[in-house]
Amino acid sequence: MNVDSIRDGIVIDHIAPGNAMKLYDLLGLAELDVPVAMITNVVSAKRGRKDIIKIDAEIPVDINVIGYVDPEATVNIIRHGELVEKKRIGMPETLVNVLKCKNPRCISCCEQELDQIFHLADPEKREYRCVWCEAKAADI
């Protein structure tokens, strides 16, 4: 399978197999009017298998969403066909309006103007909790 290289854009690489579609949905990539390629189960020397997303435009992407879904993923910025920047993500300390609190009694569910804010409660378990009611976020 061949997927053309991109001239100016973003490559989200080293995504754990099966997580590319989650990123595609959470980043709202279906809303873009630029070419987006998602390649899954690619052989990887580092991880065995990986997913890759290529976006043929230099658009802002929410790094926190990428770090939430897969803290091992990297974001490569391509300009004029050359790699100009490689970002390692890690887990974000805070997620704002990425997740929705599932607790029906949480104030963030009733007050529409409140942001849905989650903090990283346990990095080893990759557990996030709502800052308003401490409810645990649903697993990815």
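Are Y68 and Y128 buried or exposed? In this predicted model, Y68 is buried, and Y128 is buried too.

## The aromatic pair

Search the whole structure and you get one aromatic pair. The ring centres of Y68 and Y128 sit 5.4 Å apart with their planes at 75 degrees, so this one is edge-to-face; the cut-off for that label is over 60 degrees.

As for where the two partners come from, Y68 belongs to helix α2 (residues 63-69) and Y128 to strand β8, so the contact ties together parts 60 residues apart in sequence.

Strand β8 is part of an open sheet of three strands, ordered β6-β7-β8 and paired antiparallel. At the edges are β6 (94-96) and β8 (127-130), each pairing on one side only. On average, neighbouring strands here are turned by 35 degrees against each other, ignoring direction.

Zoom in on β7 (residues 117-122) and you'll find four bridges joining it to β8, with the two strands running antiparallel. Y128 shows up again here: in β8, this tyrosine stands opposite L120.

## A nonpolar patch on the surface

Over on the surface, I107, V131 and W132 make up a nonpolar patch, and together they have about 250 Å² of accessible area.

I107 is found in helix α3 (residues 107-110). Its relative accessibility is 42%, so I107 counts as partly exposed; to be called exposed, a residue has to be over 50%. Y68 and Y128, by contrast, are both buried.

Note on methods: Residues numbered from 1 in each chain as written. Predicted model: local features only at pLDDT ≥ 70, side-chain atom pairs only at ≥ 80, totals over all residues. Heavy atoms only, no water. Pairing = 2+ DSSP bridges. Axes fitted to C-alpha atoms, helices over the stretch in contact; angles between N-to-C directions. Phe/Tyr/Trp six-rings, centres within 6.5 Å; stacked < 30°, edge-to-face > 60°. Buried < 20%, exposed > 50% of the residue type's maximum accessible area, 1.4 Å probe, protein only. Patch = residues over 30% accessible without salt bridge, like charges linked within 9 Å, V, L, I, M, F, W, Y side chains within 5 Å. Areas by Shrake-Rupley, 256 points an atom, 1.4 Å probe, with all protein chains shown as cover. Salt bridge = Lys/Arg side-chain N within 4 Å of Asp/Glu carboxyl O.
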